[in-house]
Amino acid sequence: MNYRTLGTSGLSISEIAFGNWITHGAQVDNDTAYACVRAALDAGITTFDTADVYSDTKAETVLSQALRGVRRESVELCTKVFHPTGTGQNDRGLSRKHIMEACHASLNRLQTDYIDVYYAHRFDERTPLEETFLAFSDLVRQGKVLYIGISEWTAGQIAEGAALARELKVPLIASQPQYSMLWRVIEAEVVPVCEREGIGQVVWSPLAQGILSGKYRPDKPIPQGSRASTPAGASFFERLAGQWMRTEVLQAVSRLSSLAHEAGLTLPQLAIAWVLQNPQVSAAIIGASKPEQVQENVKAAGLRLDPEMMRQIDHILEGLVERDPEKTG
């Protein structure tokens with residue numbers, strides 16, 4: 001495993017992080033979840049990503065159980081706040097009330113005294129940004145949160161947040177956007193503003209919701225056991241990955257698979273290595289429904305793709321890549 005600093009901060013994280021969205025508390029049983037986390041630890045992964053909303057708050061609890069007995073200082077625990085975690089009007093968003101209550105609930109479920117990186121899971125149009133960052137500032141000063149991050153914010157929203165963070169001396173160091181060979185909407189605007197502000201990218205869905213796993217084939221039914229076939233993943237898959245279930249995209253993915261094979265890689269390893277070529281990416285988040293997936297995908301750590309390989313990938317995907325920054329979030 002390789003390790004990178006997160007943005008221009010002093011925090012080191014594993015360049016491949018383990019995330020438990022959809023899997024823990026939903027797609028896999030607890031014993032399998034524990035085995036996946038053990039495989040991640042054995043591979044040198046130290047960065048674990050979750051959110052209060054994942055699996056109706058169960059994902060945080062499962063992760064804490066999986067990490068029981070692990071020295072707290074040896075891992076980076078990252079979670080998020082924004083989406084509804086209850087039925088009340090204040091059980092959502094980035095108001096001071098919800099941030100404080102959600103943070104304390106996450107600390108309890110994670111069985112920890114502090115969160116390493118606490119993300120604003122989305123931008124809250126209803127709450128003044130100053131209110132949000134004052135709440136984050138208080139959590140940092142109380143020692144309950146070490147660093148702040150944002151997820152799926154536009155470049156303009158990030159710039160506003162960074163200005164407030166500087167004023168309040170809040171360590172805003174991380175952005176968590178979707179990013180893959182097929183989804184490059186952050187490159188034009190989000191990445192440049194984050195580079196200017198010293199914010200690193202911890203990217204999710206480097207396999208484009210499984211499209212870049214190679215398991216989906218042209219004119220073939222969705223394979224049973226895949227994320228798209230589960231109740232937890234089907235709706236999200238239809239909304240995001242569904243746009244890639246076109247014959248021309250799946251044919252291009254088949255060509256990428258052949259390219260990976262020629263290089264002695266699996267397609268997921270190639271896809272993960274591709275996002276890690278971007279110098280502004282601090283880590284790529286992988287998920288897993290079995291430990292063997294972790295063991296295979298972590299082999300992307302430290303891989304360097306030569307310029308010719310990068311050119312071939314772009315050639316294969318020409319006309320199929322989403323780049324519109326308006327689709328952020």
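Axes here are lines fitted to C-alpha atoms, for helices over the stretch in contact, and angles run from 0 to 180 degrees between N-to-C directions. With that in hand, take helix H8 (residues 247-262) and helix H11 (residues 307-316), which pack with their axes 9 Å apart and an angle of about 160 degrees between them. Keep in mind that this is a predicted model. The chain holds 11 helices and 10 strands, and 8 of the strands close into a barrel.

**Overall shape**

- The radius of gyration comes out at 19 Å, close to the 20 Å that the globule rule gives for 329 residues, so the chain is as compact as a globular protein of that length.
- Taken along the principal axes, the C-alpha atoms fill a box of roughly 50 × 40 × 35 Å.

**The barrel**

- Strand E3 (residues 16-19) and strand E10 (residues 281-286) run parallel and are joined by 3 bridges.
- For a handle on that pairing, look at Ile16, whose bridge partner in E10 is Ala284.

**Helices on the sheet**

- Helix H3 (residues 96-110) packs on the sheet and touches strand E5 (76-81), strand E6 (115-120) and strand E7 (145-150).
- The direction of H3 makes about 140 degrees with that of E6.
- Helix H9 (residues 267-276) also packs on the sheet, where its contacts are E3, strand E9 (200-203) and E10.
- The direction of H9 makes about 155 degrees with that of E10.

**H8 against H11**

- Angles over 145 degrees count as roughly antiparallel, and H8 and H11 are therefore roughly antiparallel to each other.
- Their crossing is right-handed.
- On the H8 side you'll find Ala252, Arg255, Leu256 and Leu259, which meet Met309, Gln312, Ile313 and Ile316 of H11.
- Sorted by class, the contact of H8 with H11 has 6 nonpolar, 1 polar and 1 charged residues.

**H5 against H6**

- Helix H5 (residues 155-168) and helix H6 (residues 190-197) have axes that come within 9 Å and cross at roughly 15 degrees.
- H5 and H6 are therefore roughly parallel to each other.
- The crossing of H5 and H6 is right-handed.
- H5 brings Ala155, Ile158, Ala159, Ala162 and Arg166 to the contact, while H6 brings Val190, Val193, Cys194, Arg196 and Glu197.
- By class, that makes 7 nonpolar, no polar and 3 charged residues in the contact of H5 with H6.

**H1 against H2**

- Helix H1 (residues 30-42) packs with helix H2 (residues 58-66) at an angle of about 60 degrees, and their axes are 9 Å apart.
- That angle makes H1 oblique to H2.
- The crossing of H1 and H2 is right-handed.
- Asn30, Ala33, Tyr34 and Val37 are the H1 residues here, and they meet Val62, Leu63, Gln65 and Ala66 in H2.
- The class count for the contact of H1 with H2 is 6 nonpolar, 2 polar and no charged residues.

Key:
Residues numbered from 1 in each chain as written. Predicted model: local features only at pLDDT ≥ 70, side-chain atom pairs only at ≥ 80, totals over all residues. Heavy atoms only, no water. Helix = DSSP H or I, 4+ residues; strand = E, 2+ residues; numbered from the N terminus. Parallel < 35°, antiparallel > 145°, perpendicular 65-115°, else oblique. Left-handed = near helix turned anticlockwise from the far one by under 90°. Contact = heavy atoms within 4.5 Å. Nonpolar A, V, L, I, M, F, W, Y, C, P; charged D, E, K, R; others polar. Pairing = 2+ DSSP bridges. Rg over C-alpha atoms; globule rule 2.2 N^0.38 Å.
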